[in-house]
Structures are given as C-alpha cells and as structure tokens.
Amino acid sequence: MKEYLVQTKSIDYLNPHIQEKVQELKESSCDDLDYIKRSYIFVRDEIPHSWDIQTNIVSRTASETLINKTGICWMKSCLLAALLRANGIPSGISYQLLTIAEDDGSGHIVHALNTVYIEDSNKWIRLDARGNVGNGEDELSLEKDYLAFSPRSEFGEIDYNDNNPDLDERLAKKLEETENLSEMQIDFEF
C-alpha cells in the first residue's frame, strides 16, 4: 500500500499549491469519504480537460495542473492522486485504450483515471475525473465505477482495469517532450 501513498515526480503532493488545496478541501470535509468526493468533484469540474478548452498549455505534474487550471486526463488523474495521497488516502492510476474518433479510423489514445482505496470498505474503487463528456454521471459510488468512457471492443478499445502507483513513464516522457499540446503525437503504442 505504501507505493500508493508516496510522492512522485508526476504526483508531487508536497508542493505548496497542492498542500494549500488539500487544507481547503480538508476544512470543508466531514470524513475521508467526503474528502474523496470533494477532491474528485474539484478535479472533474474545476480543472478543465486541455483539449476541451482548446489550450496548448502542457501540464506535466499535479502541481502544474493545479496552477495552470488545466490538464489532459493523464495529469488530471495525477492531480486527484496527489490530493488524496496528501491526505493519507491511497490512490493509483488506471488506463483505458480508446479511439481518437468515433471509430478506430484515426487510431487510439491512452486515457487515464484513478483508483482509490476506501479503508472503511476495504476495497479499491475507480473514479474518472476526466469530466466534460456529457454523461451526467457525477456520483461517487462504492458499488460501481463511474467512468467517462465505456470501451468498445469492436473498435479495439480496452479497459485495462489496472492499478498503477504512478503515471506510466512513457506518458510522462511524452509530456516532457511536448512544448505545445496541439502538436503532441497522440496515437502511439501503449
């Protein structure tokens, strides 16, 4: 469980900006489950996905995502993990392989979401703070995953249903190499 609580380069929860937000969320939360829900809703609703707002800003860490007030799903998941880990709640990252367009004609992209350990229930759940997909799902459930996308196997989409302690090194490297988000090569092997 320790690996889901540590600070990493991408999940930099000791950053003062992250710590300030953690304090704000803690002060308005009545318990850990409420803190998880508030953190999830904050990242989902207050940090727009970079492609949705058509910005070229590249956020590369959780703290940059908070400071820039935008990030792609990879970094939104790192920000949520940072907010949770900073409060002693284990969190990881899970991946899906999704089509870029409505079918597989334009290739695939890796989508990131979060895993969160709920101590009182002794179980991991998955939360997707991607947001802005118009599915109206805004709940936090201990019984079912609330995901932004349901993978379609007929187009080669995959839900890995995995649990990783950090952002995949290949994704972090892709962000490090990118100066302008609109120029990032998004179709690559995972």
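Which residue in E2 is the bridge partner of glycine 92? The sheet view below gives the answer, but here is some background to start with. This is a predicted model, in which local features need pLDDT of at least 70, side-chain atom pairs count only at pLDDT 80 or more, and totals for chains, interfaces and linings use all residues. Residues are numbered from 1 along each chain as its sequence is written, and side-chain values use heavy atoms, with hydrogens and water left out.

**View 1. Four strands line up in an open sheet with the order E3-E2-E1-E4.** The pairing here is antiparallel, and E3 and E4 are the edge strands, each pairing on one side only. Strands (E, at least two residues) and helices (H or I, at least four) are DSSP runs, numbered from the N terminus. Two strands pair if DSSP finds at least two bridges between them. Strand E1 (residues 91-99) is joined to E2 by 9 bridges, and the partner of glycine 92 turns out to be threonine 115. Strand E2 (residues 108-118) is mostly covered, with 11 of its 11 residues buried. Buried means under 20% relative accessible area, exposed means over 50%, and partly exposed is in between (1.4 Å probe, protein chains only).

**View 2. E2 and E3 make a hairpin with 4 residues between them.** Strand E3 (residues 123-127) runs antiparallel to E2, and 5 bridges join the two. Look for valine 116 opposite isoleucine 125, and for asparagine 114 opposite leucine 127. In the turn sits asparagine 122, with a positive phi of about 55 degrees although it is not a glycine. Asparagine 122 counts as exposed, at 58% relative accessibility.

**View 3. Helix H1 (residues 16-27) crosses helix H4 (residues 73-85) at roughly 65 degrees.** Their axes come within 9 Å; axes are lines fitted to C-alpha atoms, for helices over the stretch in contact, and angles run from 0 to 180 degrees between N-to-C directions. The crossing is right-handed, which is the case if the near helix is turned clockwise from the far one by less than a right angle, and left-handed if anticlockwise. On the H1 side you'll find Ile18, Lys21, Val22 and Leu25, which meet Leu79, Ala82 and Leu83 in H4. Contact means heavy atoms within 4.5 Å.

**View 4. Threonine 65 sits in helix H3 (residues 62-68).** Threonine 65 is buried, with a relative accessible area of 0%. A polar atom of its side chain lies 2.8 Å from the backbone oxygen of threonine 61. Leaving aside neighbours within four places in sequence, the residues in contact with threonine 65 include Ile47, Met75 and Leu79.

**View 5. Asparagine 161 lies in the loop between strand E4 (158-159) and helix H5 (169-176).** Asparagine 161 is exposed, with a relative accessible area of 54%. Not counting residues up to four places away in sequence, asparagine 161 touches Ser94, Tyr95 and Arg126. Its side chain makes a polar contact with the side chain of arginine 126 (3.4 Å). A polar contact is a pair of N or O atoms within 3.5 Å; within protein, one must be able to donate a hydrogen and the other to accept it, and residues adjacent in sequence count only if both atoms are side-chain atoms.
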